[in-house]
Amino acid sequence: RVDGMDELIQSWDMAFKDTKGSDFVVGQVWARKGAEVFLLDQVHKRLAFTDTVTAFKALTKKWPQASTKLVEDKANGTAVIDTLRKSIPGIVPITPTESKYARANAVSPFVEAGNVHIPAPEVALFDAEALVEESAAFPNGAHDDQVDATSQALSRLLLRVGAGHAWLEWLRKKQTAEAVTTEDEGALTHA
């Protein structure tokens with residue numbers, strides 16, 4: 001459990017198979033406090049579909065505060081979404097519109113500015129060094145699953161990408177406009 005954070009989310013990049021040459025399933029838990037984001041936990045394994053569902057449920061149970069669960073709607077992601085959305089709330093399908101490189105490039109200024117934090121290897125709940133190595137090799141490395149899940153999370157947390165955020169922003173503006181109108185009406189009544 002983490003207290004004092006503004007937001008906790010999960011970010012998932014799924015794969016089809018658990019064979020030796022297949023991609024990895026990556027599930028991450030991120031926390032945001034203001035403009036700072038922290039990677040708290042990660043699943044990074046080659047998993048078949050049923051094991052992916054089990055890992056998703058386990059990470060959700062371990063981090064109940066992570067109410068939003070971003071799942072890339074590709075590979076096994078679509079099947080996981082369909083299987084779990086009626087039993088686990090907060091699953092948000094993400095359909096990327098840009099290349100993996102463009103998505104990573106869009107959030108790289110936050111990494112460069114020092115807004116993105118991963119735990120030191122000695123206290124990490126996962127292999128933090130493997131994430132650093134994969135990120136350093138991107139886009140020419142053998143795998144990019146951790147980078148993909150990371151850029152998905154950072155886009156949501158720091159770029160506010162997603163229809164839900166646009167709707168919430170509209171509600172905030174509407175509420176502010178109504179408050180100003182109410183104050184103006186009250187001032188006119190007392191004049």
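A residue counts as buried when its relative accessible area is under 20%, as exposed when over 50%, and as partly exposed in between (1.4 Å probe, protein chains only). This is a predicted model, in which local features need pLDDT of at least 70 and side-chain atom pairs count only at pLDDT 80 or more, while totals for chains, interfaces and linings use all residues. Residues are numbered from 1 along each chain as its sequence is written, and side-chain values use heavy atoms, leaving out hydrogens and water.

Let us start with helix α3, residues 100-112. Helices here are DSSP runs of H or I with at least four residues, and strands are runs of E with at least two, numbered from the N terminus. In α3, the residues R103, A104, V107 and F110 are buried. The buried residues of α3 pack against β4 (68-72), β6 (116-117) and α5, where contact means heavy atoms within 4.5 Å. After α3 comes G114, with a positive phi near 85 degrees.

Next, the rings. Searching the whole structure gives two aromatic pairs; rings of Phe, Tyr and Trp (its six-membered ring) pair if their centres lie within 6.5 Å, and planes under 30 degrees apart count as stacked, over 60 as edge-to-face and the rest as tilted. Y101 and F138 have ring centres 6.4 Å apart and planes at 15 degrees, so this pair is stacked. Because Y101 lies in α3 and F138 in the loop between α4 (128-137) and α5 (145-158), the pair ties together parts 37 residues apart in sequence.

| Residue | Relative accessibility | Class |
|---|---|---|
| Y101 | 48% | partly exposed |
| F138 | 17% | buried |
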